[in-house]
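Biologist: I'm new to this structure and would like a close look at a single part, the aromatic rings and what surrounds them. Could you walk me through it?

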Amino acid sequence: MIATLKILCSECQRENEAERVYCHHCGARLDRSAVVPTKEPVDDTRKRVRKLFDPQRAKLRFMFFKISKLILSAGALAIFIQLVSPPDLPAPTKTLILASQIRLDMETATQRHQPVQLEFTEDQVNAYLASALRSKQATLNKPLLEFKRAVAGFSEEIGTITVERSLSGYYSLYTSAGYSVSIVEGKMVARTKAGHIGRMPIHPQLMQLANVLFADVLGALDRDAKLVSKFNAIQFHDKHVQLALTAP
């Protein structure tokens with residue numbers, strides 16, 4: 001019999017060989033002060049030592065960690081590519097005349113105090129956004145991030161806004177949020193329903209925390225939001241939005 005030393009794991013109370021740094025059962029780091037002397041047959045000691053220094057086991061362990069690192073690296077690269085990949089967006093609009101026309105249509109409708117329904121396409125709204133934000137671009141720039149444009153998109157019950165910013169003027173980054181919007185007592189109430197950074201989907205609850213990324217753009221459109229709030233209802237449909245005003 002040979003007296004050997006065992007290290008008792010403080011987490012799972014399992015015995016480990018004295019040569020180990022981490023518990024072979026739970027993976028916790030071993031406390032060197034928890035050494036327990038035990039008696040072990042000579043043959044068992046030889047087998048244990050041979051097992052510890054078995055080149056085949058060492059090779060398998062090395063391959064396992066190498067493959068794990070490759071899988072983690074590939075996963076991280078895939079996430080990075082999704083984050084920096086641009087979403088499907090229309091080309092920047094060059095038509096700015098429609099913007100003033102949309103504002104005039106909304107102002108005229110709210111001043112008449114008669115039932116009316118207005119409908120605008122994505123192209124019209126994006127031309128409107130380009131015009132409304134053009135003069136405010138300087139205030140929308142952030143350190144190392146230059147504001148490029150805001151793009152609206154519409155599907156059934158969801159309105160999406162995507163903000164494009166340029167990293168140091170060289171590479172564009174995109175942040176998108178989808179909202180369901182209602183008008184309650186003269187105020188617009190928006191609920192986050194979807195979100196993306198690049199092409200990477202973001203959970204709506206997490207996207208609520210990222211709404212600060214849109215705060216400056218929404219603030220720049222505050223006058224326009226107040227004008228929309230004068231209507232009674234707003235509805236999103238595929239590629240267009242409707243504003244409805246009922247009789248007072």
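To start with, is Phe 64 buried or exposed?

Modeller: Phe 64 is exposed, at 54% relative accessible area. Exposed here means over 50%, buried means under 20%, and partly exposed is what lies in between, worked out with a 1.4 Å probe on protein chains only. Before going on, a word about the model: it is predicted, so local features need a pLDDT of at least 70 and side-chain atom pairs a pLDDT of 80 or more, while totals for chains, interfaces and linings use all residues. Numbering starts from 1 along each chain as its sequence is written, and side-chain values use heavy atoms, leaving out hydrogens and water.

Back to the rings. The structure has two aromatic pairs. Rings of Phe, Tyr and Trp (its six-membered ring) pair when their centres lie within 6.5 Å; planes under 30 degrees apart are called stacked, over 60 edge-to-face, and the rest tilted. One of the pairs joins Phe 64 to Phe 65, edge-to-face, with 5.5 Å between centres and 70° between planes. Phe 65 has 47% relative accessibility, so this residue counts as partly exposed.

The other pair is Phe 154 with Phe 236: the planes are at 10° and the centres 5.4 Å apart, so these rings are stacked. Phe 154 belongs to strand S5 and Phe 236 to strand S10, so the pair ties together parts that are 82 residues apart in sequence. Phe 154 is buried, with a relative accessible area of 9%, and Phe 236 is buried too, at 9%. Strands (E, at least two residues) and helices (H or I, at least four) are DSSP runs, numbered from the N terminus.

Let's follow each of those strands into its sheet, starting with S10. Three strands make an open, antiparallel sheet in the order S4-S11-S10. Strands count as paired if DSSP finds at least two bridges between them. At the edges are strand S4 (116–121) and strand S10 (233–237), each pairing on one side only. From one strand to the next, the twist averages 20°. Six bridges link S4 to strand S11 (residues 240–245) in the antiparallel sense, and Gln 117 stands opposite Ala 244 in S11. Helix H4 (residues 122–134) packs on this sheet, touching S4 and S11, and its direction makes about 80° with that of S4. Contact means heavy atoms within 4.5 Å; angles run from 0 to 180 degrees between N-to-C directions, with axes being lines fitted to C-alpha atoms, for helices over the stretch in contact.

Now for S5, the strand of Phe 154. An open sheet of five strands has the order S5-S6-S7-S8-S9, again with antiparallel pairing. Strand S5 (145–155) and strand S9 (200–201) are its edges; each has a single partner strand, so one side of each is left without a neighbour in the sheet. As a rule, side chains in a regular strand alternate between the two faces of the sheet.

The hairpin of S7 and S8 has two residues between the strands, and Glu 185 in the turn shows a positive phi of about 50°. S8 and S9 are antiparallel and joined by two bridges, with His 196 partnered by Pro 201 in S9. Their hairpin also has two residues between the strands, and Gly 198 takes a positive phi near 65° there.

Leu 213 sits in the loop between helix H6 (204–209) and helix H7 (215–220). Leaving aside neighbours within four places in sequence, Leu 213 contacts Arg 165 and Thr 175. From Leu 213 to Val 163 the C-alpha to C-alpha distance is 8.6 Å, although they are 50 residues apart in sequence. Leu 213 has a relative accessible area of 36%, so this residue is partly exposed.
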